[in-house]
Amino acid sequence: MQRGPRAFSSSCRREKQRLVILGSGWGGYEVLRGVDKKRWDVVLVSPNNYFNFTPLLASCAVGTLEFRCAIEPVRRYSPAAGIYQAWCDSIDFRNKMLQCLPVTKPSHVASPSDTAYDHSVLTTSPGSGLSFPLKYDKLVIAVGAYSQTFNTPGVKEYAHFLKDVRDARAIRSRILECFEQANQPTLSDTERRHLLNFVIVGAGPTGVEFAAELHDLLHAEIWEHYPSLAKMARINLYDVAPSILGMFDKNLVQYAEKNFRREGISIWTSHHVNKVEAGKLLIKEQGEVPFGLLVWSTGLSPNPLIASITELKKHQKTQSLIVDDHLNALRTDDTPDPDVYVIGDAASLANTQLPATAQVANQQAKYLYKRLNKIIKDRPHEKPFEFHNQGTLAYVGNWKAIYDRPDEGGLPGLSKEKGRVAWLLWRSAYFTQTLSVRNKILVPFYWFLNCKFLTFYL
C-alpha cells in the first residue's frame, strides 16, 4: 500500500514577553522573587547586585549584626532572570526603550585603591563607560528614593547616610576611628569631646533606631574597651519637627523621649541645620556644634530617574509618579499606561497617601507579581491594590521598643505596645521577614552572641 506524502504542521514560536524591573529594593526584589520566570523574560536593572534589608542596617552599623545579615544576592535568581548592574538613565515610553549605563568600572580606569564609584564621572566623561539600550514589553519602576538634604550646604560632603549596607560599613568604621583618634595622647579633653559627639539629624524611625543602637554600643563594648573615653561620648538627635517619631501615637512618642533622656541621649526638636562643615554643624538655634560623626536621616527626595520623567503624572509635593489602583503609571492626561508599573517610594496612589515604608513596597510587589503572573496566562486580574497596615515598630534602646498599631488591621491581639513586649515583637518581626534560610540562622545567632546576659556571665 502506497502512502501519501506526510503532512507536517507547526505553530509559530511565541517569544516570551520581556519584563524589565528597575531596582532591587523592597519592591523590585520581591517582584523578581515572585514573578513567573518561565513565562516572562525577566531582566533586572539595578546599581546594586544585592537586596538591602534596611531595618537591620542600624544594627549592622554598630556591630550587633554582620553586614551579610542585611543583604540578599539578586543573582540567586540567575540565569532564570537576566541581571545587569547598571543605572537606567532615561526611558523612551513611546518606543518602550531604556537607556542604561553600567555601574561597573571599565578595566582601563579601575584601580585597586578605588573603593567609591561616582555616577557623575561616567555620565560626564567621554569613553569612560558605554551605555546600552534595553527593550521592554512590561516595565516595573521600583527605583526607590534618595536621602533628602533640603539643599543644605555640606551635607553630601561631610554627613553619612544610612540607606545601604555600604553606608553601615562606613559608619561603623567612622565610630571606631573617632575613638582611636580620641585615644591619642596629643589631644586635649575638649578635642576628645568634640570627636566623641555623635550627631543624628532626622528623628524618624531610622534616626531613632540608630541613636538607640549607638547608645547600646557605647554602654557595652565601648565602655569595656575605652572606659575613660566612653564617659565623654554624647549622642545628640536633631529634628525640625516639634517631636520625634511624628507618625507614632503621642503616648508612645512620650515614652521614647523619656527613655532617651533617661539614657543620656539629648533630643533637640524644632532645630534647623543651616550648614555642615568639616567636623561641625551650624544650627540656627545653637550656633556651631562640633561632631565626630554626623548621620543624616531626614526623609526622601525623588530618584534622578523619576525627576527626569516628563511623560507621566507626578505628585505635586513628593514628585513621585502617580499610579492607579492597579499600580499602572498615569500619563499626564490621566490615562493609565498598561505597560508601566510603579511601586515603592517612587509611586503615589492617586486617591490615597501611603507611608514611605518597606511594608508598602513589599505589599505592592506581592500584588504586582500575582497580577503579572495572571496577565501572562491571559487570565483576568481586576482586583485593585489594597494596603493592609501591619503597624509600625521602632527600637528605642536597652531592650525596649514601641509598636503603634493602626485603628484597623495590625497584628491580632496587640494594641499600642511599648517596652520589652514591643522589643520582642520588633525582633520577631524582623526575624520572620528575613528572606533566606541563611539569614534566618545568622540573624538570631548574632543576636544571641551579643546578648547582654552572655556578656555579663562570660
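Me: How do α5 and α7 lie relative to each other?
Reply: They are oblique to each other. This is a predicted model. Helix α5 (residues 165-182) packs on helix α7 (residues 205-225) at about 45 degrees. Their axes are 13 Å apart.

Me: Which hand is the crossing of α5 and α7, left or right?
Reply: Right-handed.

Me: Which residues make that contact?
Reply: From α5, I171, I175 and F179. From α7, F210, L214, L217, L218 and I222.

Me: What classes do they fall into?
Reply: Eight are nonpolar. None is polar and none is charged.

Me: Where is the kink in α7?
Reply: The kink is centred on L218. The angle is about 40 degrees. L218 is also one of the α7 residues in the contact with α5.

Me: What span should α7 have, going by its 21 residues?
Reply: At 1.5 Å a residue, α7 should span 30 Å. Its end C-alpha atoms are 29 Å apart, so that agrees.

Me: Switching topic. What is the packing angle of α12 and α13?
Reply: About 150 degrees, for helix α12 (residues 420-433) and helix α13 (residues 437-449). The axes are 9 Å apart. That angle makes α12 roughly antiparallel to α13. Angles over 145 degrees count that way. The crossing is right-handed.

Me: What is in the contact of α12 with α13?
Reply: α12 brings R427, Y430, F431 and T432. α13 brings K440, P444 and W447. By class, that is four nonpolar, one polar and two charged residues.

Conventions
Residues numbered from 1 in each chain as written. Predicted model: local features only at pLDDT ≥ 70, side-chain atom pairs only at ≥ 80, totals over all residues. Heavy atoms only, no water. Axes fitted to C-alpha atoms, helices over the stretch in contact; angles between N-to-C directions. Helix = DSSP H or I, 4+ residues; strand = E, 2+ residues; numbered from the N terminus. Parallel < 35°, antiparallel > 145°, perpendicular 65-115°, else oblique. Left-handed = near helix turned anticlockwise from the far one by under 90°. Contact = heavy atoms within 4.5 Å. Nonpolar A, V, L, I, M, F, W, Y, C, P; charged D, E, K, R; others polar. Expected span 1.5 Å × (residues − 1). Bend = angle between axes of the 7 residues up to and from the residue.
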